[in-house]
Amino acid sequence: MQTAERREIHPEFNHPAVIEAEQKATIRPVVTGQVIASYVTPGAIVKKGDLLFELDDRDLRFALAGAQAAVALAKANAGEAQLEYNRKRTLVSRQTASQSELDVATAQLDAAKAQVQSAEAAVDRATKAVADTKIVAPFEGRISAANVSVGDYVMPNNPAQPLPLAEIVGLDPIFATGFVSQQAYDVFVQRRNKMRDAGTEIPKLVLNLIMPSGQIYPQTGSFVSWDFQAAATRGSIAARAEFPNPDGVLLPGMNVTLRGNTVEGIDAVTIPQRAVGQDQQGHYVMTVDAEGKVARQNVEVGIRDGADWTIIDGLEEKATVIVEGLQKVREGDIVKTEPFQK
């Protein structure tokens with residue numbers, strides 16, 4: 001037998017987890033051109049805006065010059081149309097020209113202004129195309145090997161070139177994704193909601209990572225979110241925690257263990273896990289009173305703490321429970337008990 005004890009515990013959990021990049025990018029060209037320079041060092045850390053590739057921009061610069069010339073011509077035509085409009089308006093005011101002539105001049109002026117706007121838009125497109133020949137890193141991260149070489153001809157959405165120019169993964173911060181059983185998730189959510197409804201403060205967690213070597217990663221993390229859907233084939237749901245990774249020690253795909261501890265201790269009634277049975281009614285314990293009489297108590301179990309189980313409801317502190325031989329006794333039996341040896 002064992003007496004139910006109320007003590008302070010620091011709940012802890014350990015879950016296998018995988019390191020995942022918070023940001024990923026596949027670098028692809030948005031304009032057509034020949035690669036004239038590559039500045040990619042496989043595995044190097046690149047900063048946001050670092051130049052990765054350069055494409056030959058001569059044809060695009062020629063197109064830009066032509067677009068700029070078209071703007072100049074359109075503006076000149078618009079100037080002439082404005083003068084003609086002003087002249088016709090003056091003549092109409094003097095009644096030496098008809099309203100229909102002014103209407104024609106107005107239409108011609110509007111068309112000339114529209115042509116200017118169209119030509120200026122073409123300059124903007126050509127300017128962007130020239131700028132897009134300089135391919136830069138969209139964020140800070142570690143870059144893969146380049147899949148193209150100087151001299152290669154690249155173009156957007158080319159099925160003959162399915163691979164990106166390169167790939168970048170952001171390393172700081174980074175995710176640790178662990179998979180929790182759907183049953184554990186359901187229990188967690190229900191108990192959290194009960195605590196919230198009761199006005200009880202939800203214990204704060206400290207999250208750590210245990211590296212493949214067994215060493216504890218020096219930075220602590222914070223819970224981010226549950227996945228938006230469960231993985232039916234695995235019977236689990238992903239939980240994501242974010243960790244600082246300033247030195248790039250944590251790499252995507254690395255297998256780690258996610259460990260959580262409550263910051264403050266929790267006062268709880270505990271009994272050995274072996275004292276708890278389960279049947280169609282749920283969890284239960286068999287208690288023994290001062291005369292040795294056995295009684296069944298249905299209980300609501302909480303979290304595990306080592307070899308013990310916390311009891312949320314159904315069992316009072318100092319109650320005596322049977323640990324060994326739980327299946328051999330029945331309610332109403334008279335038994336002789338001995339202290340349980342852990």
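**Exposure, sheet and rings**

Trainee: What is the relative accessible area of L51?
Mentor: L51 is partly exposed, a class that lies between buried (under 20% relative accessible area) and exposed (over 50%), with a 1.4 Å probe and protein chains only. Its value is 31%.

Trainee: What kind of model is this?
Mentor: Residues are numbered from 1 along each chain as its sequence is written, and side-chain values use heavy atoms, with hydrogens and water left out. Local features need pLDDT of at least 70, side-chain atom pairs count only at pLDDT 80 or more, and totals for chains, interfaces and linings use all residues, since this is a predicted model.

Trainee: Which residues make the nonpolar surface patch with L51?
Mentor: Patch members have over 30% relative accessible area and no salt bridge; like charges are joined within 9 Å, and nonpolar side chains (Val, Leu, Ile, Met, Phe, Trp, Tyr) within 5 Å. A salt bridge is a side-chain nitrogen of Lys or Arg within 4 Å of a carboxyl oxygen of Asp or Glu. The patch covers about 240 Å², and beside L51 it is made by Y39 and V136.

Trainee: Which strands stand at the edges of the four-stranded sheet?
Mentor: The open sheet has the order β4-β11-β9-β6 with antiparallel pairing; two strands pair if DSSP finds at least two bridges between them. Inside that order, β9 (141-143) and β11 (166-169) pair over two bridges, with I143 opposite I168. Each edge strand has a single partner, so one side of each is left without a neighbour in the sheet: these are β4 (24-27) and β6 (45-46).

Trainee: Which residues form the uncovered face of β4?
Mentor: In a regular strand the side chains alternate between the two faces of the sheet. Four bridges join β4 to β11, and I27 has A166 as its bridge partner there. The covered face of β4 holds A25 and I27, and the uncovered one K24 and T26.

Trainee: What is the angle between the planes in the aromatic pair?
Mentor: Rings of Phe, Tyr and Trp (its six-membered ring) pair if their centres lie within 6.5 Å; planes under 30 degrees apart count as stacked, over 60 as edge-to-face and the rest as tilted. The structure holds one such pair. Y217 and F243 are edge-to-face, 6.4 Å centre to centre, with an angle of 70°.

Notes:
Areas by Shrake-Rupley, 256 points an atom, 1.4 Å probe, with all protein chains shown as cover.
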